[in-house]
Amino acid sequence: QKWPYVLGVVLVGFGIYLSIFGKKFFPVVCFLLAAFVTCVGLLLLMYVTFLDPSIDTTAQKILNWIIVILCVAIGILVGYLFTKVPRICTAFMGGWGGYVIGMLINSIVQNDMLVLVWSIEIACTSVFAIISIIWWN
């Protein structure tokens, strides 16, 4: 909380380090991205749908830690599986990049229509995933 930009600088530096080595670190990037997205997605799903943050008991705290450990374990397993199938991982990375570009377009245009926001993000995700599969070779 004291230095909010340190994490950003560290992550950008790590990304530059990974990008310098190109395809040598492709499995590492596949593993990290798939594990991170799976873990965060499962945690969001669990905490938004099932868990009640207003309950503050010891059992709830233990359940929270069990859910975090299970989500990390599932994320590691999915990351490992993605390293074994590089073409799917390439499509996933392209789709992720397309989604981020779709969010960038929506934030630049600042449209308030929810249907248009999701349409742009889904279209960018699909187009970039297909392009990355085609360019894989």
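A pocket, as the word is used here, is an open set of grid points with protein on both sides within 12 Å along at least five of seven lines, and its lining residues have an atom within 4 Å of a point. The structure is a predicted model.

In this model the largest pocket is lined by Leu11, Phe14, Gly15, Leu18, Val29, Leu32, Leu33, Phe36 and Trp96, and the elements that give two or more residues to this lining are helix H1 (6-20) and helix H2 (26-49). The second largest pocket has a lining made up of Lys23, Phe26, Val29, Leu33, Thr90, Met93, Trp96, Ser132, Trp135 and Trp136, to which H2 and H4 each supply at least two residues. Volumes and residue classes are set out below.

| Pocket | Volume | Lining by class |
|---|---|---|
| Largest pocket | about 330 Å³ | eight nonpolar, one polar, no charged |
| Second largest pocket | about 240 Å³ | seven nonpolar, two polar, one charged |

On the surface, a nonpolar patch is formed by Ile101, Leu104, Ile105, Ile108, Val109, Val127, Phe128, Ile130, Ile131, Ile134 and Trp135, which together have about 1100 Å² of accessible area. Helix H4 (86-109) and helix H5 (114-134) are the elements that contribute two or more residues to the nonpolar patch.

Is Trp135 buried or exposed? Because its relative accessibility is 70% and the cut-off for exposed is over 50%, Trp135 counts as exposed.

Notes:
Residues numbered from 1 in each chain as written. Predicted model: local features only at pLDDT ≥ 70, side-chain atom pairs only at ≥ 80, totals over all residues. Heavy atoms only, no water. Patch = residues over 30% accessible without salt bridge, like charges linked within 9 Å, V, L, I, M, F, W, Y side chains within 5 Å. Areas by Shrake-Rupley, 256 points an atom, 1.4 Å probe, with all protein chains shown as cover. Salt bridge = Lys/Arg side-chain N within 4 Å of Asp/Glu carboxyl O. Helix = DSSP H or I, 4+ residues; strand = E, 2+ residues; numbered from the N terminus. Buried < 20%, exposed > 50% of the residue type's maximum accessible area, 1.4 Å probe, protein only. 1 Å grid on protein atoms, 1.4 Å probe; cavity = no way out; pocket = protein on both sides within 12 Å on 5 of 7 lines; lining within 4 Å. Points joined across faces, edges and corners; volume = space filled by probe spheres on them. Nonpolar A, V, L, I, M, F, W, Y, C, P; charged D, E, K, R; others polar.
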